[in-house]
Amino acid sequence: GGYLKAAVNGLNEFAGNGNMFALNEMSTDIMAGPTRGGDWDDNGAWRQIHMQTWTKAHAHVRDSWNILLSQVFNCNQVIYNSTSATEISQARFLRAFYYYNIVDLFGQAPYRDKGQDVNSDAKVWSRTEATNFVISELEAILSSLPLRSTDASIINKDAANFLLAKLYLNKAVFTSSTPAGPYNFAPADMTKVVSHVDAISSSIAPDY
């Protein structure tokens, strides 16, 4: 349907050098914007991200938030209204992916229950609650997702296993009561990382 297509097309938002990419990469030592005078400076937008001096009004912070939550909305329209089990499982993965990025970039995550007025204030998950929701969603749909396909628009088991591996790898950070650490990387979570990566390796070569 149209909402599912929109949610899949939303993945294109990760392809540029701004928004989520900028917040993930430009905010670290991995990347520095090649500003030369007025060229590429964009009124200091890139320097603010790199120096971590942005505010809530920063365009890439604002737009990333709006993009991710708009896609959550599109996914919810499919999940709450579709009669196709395949469409629903695809939308649940996409919603989990978009929420993973909200958890990673922003911490807390707003949500609405089925039937809740979109004009009413959203409820809010803590970072721990949102992390646990995303993990439970992915584990619930994993068995219903197809094996690898030549159609890149079809979410498969490899995608869910990879995202679960990322979640378990970062779970100690995402669920810490002190966001700045120290973190307790539980052996059981690390074992989950290995098992989900091994599940990917069983379907592709070479050994991932």
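These legends walk through a few views of a predicted model.

View 1. The protein chain has 8 helices and 2 strands. Starting at the N terminus, its elements go α-α-α-α-α-β-β-α-α-α. With a radius of gyration of 18 Å, close to the 17 Å that the globule rule gives for 208 residues, the chain is as compact as a globular protein of that length. Its C-alpha trace spans about 50 × 40 × 40 Å along the principal axes. As for what is tucked away, 37% of the 208 residues count as buried. Take the contacts with a separation of 6 or more: 59% of them come from residues 24 or more positions apart.

**View 2. The largest pocket, with a volume of about 500 Å³.** Here 25 residues make up the lining, and the closest to the pocket's centre are Phe93, Phe97, Ala159, Phe162 and Leu163. Three helices each supply at least two residues of this lining: helix 2 (19-26), helix 5 (85-106) and helix 7 (157-174). Sorted by class, the lining residues of the largest pocket come out as 16 nonpolar, 4 polar and 5 charged.

**View 3. The second largest pocket, holding about 360 Å³ of space.** Look for Phe73, Asn76, Gln77, Arg112 and Val118, which lie nearest the centre of this pocket among its 19 lining residues. Helix 4 (59-81) and strand 1 (109-111) each bring at least two residues to the lining. Helix 4 gives the most, with 9 residues. The class count for the second largest pocket is 10 nonpolar, 6 polar and 3 charged residues.

**View 4. Glu137 and the arginines it touches.** Find Glu137 in helix 6, which covers residues 127-141. Glu137 has a relative accessibility of 8%, and buried means under 20%, so this residue counts as buried. Once neighbours within four places in sequence are set aside, Glu137 is in contact with Arg92 and Arg95. With Arg95 there is also a polar contact: the two side chains are joined at 2.8 Å.

Key: Residues are numbered from 1 along each chain as its sequence is written. This is a predicted model: local features need pLDDT of at least 70, side-chain atom pairs count only at pLDDT 80 or more; totals for chains, interfaces and linings use all residues. Side-chain values use heavy atoms; hydrogens and water are left out. On a 1 Å grid over the protein atoms alone, a cavity is a set of points where a 1.4 Å probe fits but cannot get out, and a pocket is an open set with protein on both sides within 12 Å along at least five of seven lines; lining residues have an atom within 4 Å of a point. Grid points are joined across faces, edges and corners, and a volume is the space filled by probe spheres set on the points. Helices (H or I, at least four residues) and strands (E, at least two) are DSSP runs, numbered from the N terminus. Ala, Val, Leu, Ile, Met, Phe, Trp, Tyr, Cys and Pro count as nonpolar, Asp, Glu, Lys and Arg as charged, and the others, Gly among them, as polar. Buried means under 20% relative accessible area, exposed over 50%, partly exposed in between (1.4 Å probe, protein chains only). A polar contact is a pair of N or O atoms within 3.5 Å; within protein, one must be able to donate a hydrogen and the other to accept it, and residues adjacent in sequence count only if both atoms are side-chain atoms. Contact means heavy atoms within 4.5 Å. The radius of gyration is taken over C-alpha atoms; the globule rule is 2.2 Å times the number of residues to the power 0.38.
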